[in-house]
Amino acid sequence: MEYSSLFVTLMGIGTVFFGLICIIFLTMAMGAILKGKEKTPAAAAAAPAAAPAPAPKPQGMQPEIVAAITAALSEEVGISSRSMNIVNIKKI
């Protein structure tokens, strides 16, 4: 049986779009199922209010992490890491 290239192309495109539409409906169904489980008032009332844990004291950056960041920056910029002076590192 010989198929024309137009028929094969249209069947391929149709199959892809059918699959994508199925994925859309499946994700919408899963979202509806998971939203339904979140809104149960009995689960919210059963959870006791826990006291907030004390925040850990900042101990600064570990030397290994500073060395890795310095090495990456010196490689990117193209200068020696000994000539760099990193003043502050902020976690984003």
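This is a predicted model: local features need pLDDT of at least 70, side-chain atom pairs count only at pLDDT 80 or more; totals for chains, interfaces and linings use all residues.
Residues are numbered from 1 along each chain as its sequence is written, and side-chain values use heavy atoms, with hydrogens and water left out.

**Overall layout**
- The chain holds three helices and zero strands, and reads α-α-α along the sequence; helices (H or I, at least four residues) and strands (E, at least two) are DSSP runs, numbered from the N terminus.
- Among the 92 residues of the chain, 2% count as buried, where buried means under 20% relative accessible area, exposed over 50%, and partly exposed in between, with a 1.4 Å probe and protein chains only.

- A nonpolar patch on the surface is formed by Ile13, Val16, Phe17, Leu20, Ile21, Ile23, Ile24, Phe25 and Met28, which together have about 910 Å² of accessible area.
- Patches are made of residues with over 30% relative accessible area and no salt bridge, joining like charges within 9 Å and nonpolar side chains (Val, Leu, Ile, Met, Phe, Trp, Tyr) within 5 Å; a salt bridge is a side-chain nitrogen of Lys or Arg within 4 Å of a carboxyl oxygen of Asp or Glu.
- Met28, found in helix 1 (residues 5-38), counts as exposed because its relative accessible area is 53%.

**Helix 3 and what follows**
- The 15 residues of helix 3 should span 21 Å at 1.5 Å a residue, and the end C-alpha atoms are 21 Å apart, which agrees; the expected span is 1.5 Å times one less than the number of residues.
- Gly78, which follows helix 3, has a positive phi, near 95°.

- Thr70 lies in helix 3 (residues 63-77) and is buried, with a relative accessible area of 14%.
- Leaving aside neighbours within four places in sequence, Thr70 is in contact (heavy atoms within 4.5 Å) with Ser81, Met84 and Ile86.
- Ser74, also found in helix 3, counts as buried because its relative accessibility is 12%.
- With neighbours within four places in sequence again left aside, Ser74 is in contact with Ile79, Ser80, Ser81 and Met84.

How values were computed: Accessible areas come from the Shrake-Rupley method with a 1.4 Å probe; for residues, only the protein chains shown count as cover.
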